[in-house]
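Open the model in your viewer and keep the selection panel handy. We will go from stop to stop, and at each one you will hear what to select and what is there.

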Amino acid sequence: MRESVQAEVMMSFLVSEELSFRIPVELRYDTCDPYAVRLTFHLPGDAPVTWAFGRELLIDGVGRPCGEGDVRVSPVEPDMLGEVLIRLQVGGDQALFRSSTAPLVAFLDRTDKLVPLGQEGALADFDAHLDDALDRILAEQSAG
């Protein structure tokens, strides 16, 4: 049975050191992909953009710098857990978000109630969903 957790979190989209603006960002966790969270944001004039990355990366990144490559999560200040930076990068393009830690922790707590951390593999049809997702990705790459 497919279940999900959603939250809308106001985050600062950091354009540069001098320019940022607050936007609503949707966080979503779905039992059909129990290892991932999805972050969707919509900038004025652009189509919504969704990133999927490991739930564990978000959990760990609230307390310490985590991630390599395209997604990195870290506290704004190492000794204080009040705010988190989420950096999303593709090539030279980057989106940087700053969020209060509290709504992220509340969202993650709700995901843990739905699927406790470490129990993701216990979902009966996860392998079938993974196979379907991989088939879709391969088909899209072949077509593109």
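## Stop 1: strand β3

Select β3 first: five of its six residues are buried, which leaves the strand mostly covered. Buried here stands for under 20% relative accessible area, exposed for over 50%, and partly exposed for what falls in between (1.4 Å probe, protein chains only). Before moving on, note that this is a predicted model, in which local features need pLDDT of at least 70 and side-chain atom pairs count only at pLDDT 80 or more, while totals for chains, interfaces and linings use all residues. Residues are numbered from 1 along each chain as its sequence is written, and side-chain values use heavy atoms, with hydrogens and water left out.

Strands, like helices, are DSSP runs numbered from the N terminus (helices: H or I, at least four residues; strands: E, at least two). Two strands count as paired if DSSP finds at least two bridges between them. Click on A36 and you will find its bridge partner, G54, in β4. V37 stands opposite F53 of β4.

Turn to β2, which pairs with β3 in the antiparallel sense over five bridges. Here L27 stands opposite L39 in β3. A hairpin of five residues makes the link from β2 to β3.

## Stop 2: the whole sheet

Which order do the seven strands of the open sheet follow? Show them together and read β4-β3-β2-β1-β7-β6-β5, with antiparallel pairing. β4 and β5 (71–77) stand at the edges with a single partner strand each, so one side of each has no neighbour in the sheet. From one strand to the next, the twist averages 35°.

## Stop 3: helix α2

Select residues 101–114, helix α2, which lies across β1 (4–14), β2 (20–30), β3, β6 and β7. Contact means heavy atoms within 4.5 Å. The helix runs at about 160° to β1; axes are lines fitted to C-alpha atoms, for helices over the stretch in contact, and angles run from 0 to 180 degrees between N-to-C directions.

Within α2, pick D109. Its relative accessible area is 38%, so D109 is partly exposed.

## Stop 4: the second largest pocket

Select F13, F41, L43, D46, A47, V49, W51, L88, V90, D93, Q94 and A95, which line the second largest pocket. Two or more lining residues come from each of β4 (49–54), β6 (80–90) and β7 (93–100), and β7 gives the most, with three. A pocket is an open set of points on a 1 Å grid over the protein atoms alone, where a 1.4 Å probe fits, with protein on both sides within 12 Å along at least five of seven lines; lining residues have an atom within 4 Å of a point.

How much space lies in this pocket? About 160 Å³, a volume being the space filled by probe spheres set on the grid points. The lining has nine nonpolar, one polar and two charged residues (Ala, Val, Leu, Ile, Met, Phe, Trp, Tyr, Cys and Pro are nonpolar; Asp, Glu, Lys and Arg charged; the others, Gly among them, polar).

## Stop 5: two alanines

Go to A133 in helix α3 (residues 126–143). A133 is partly exposed, at 23% relative accessible area. Draw a C-alpha to C-alpha distance to D33: 9.4 Å in space, for 100 residues in sequence.

Finish at A122, in the loop between α2 and α3. A122 is exposed, with a relative accessible area of 60%.
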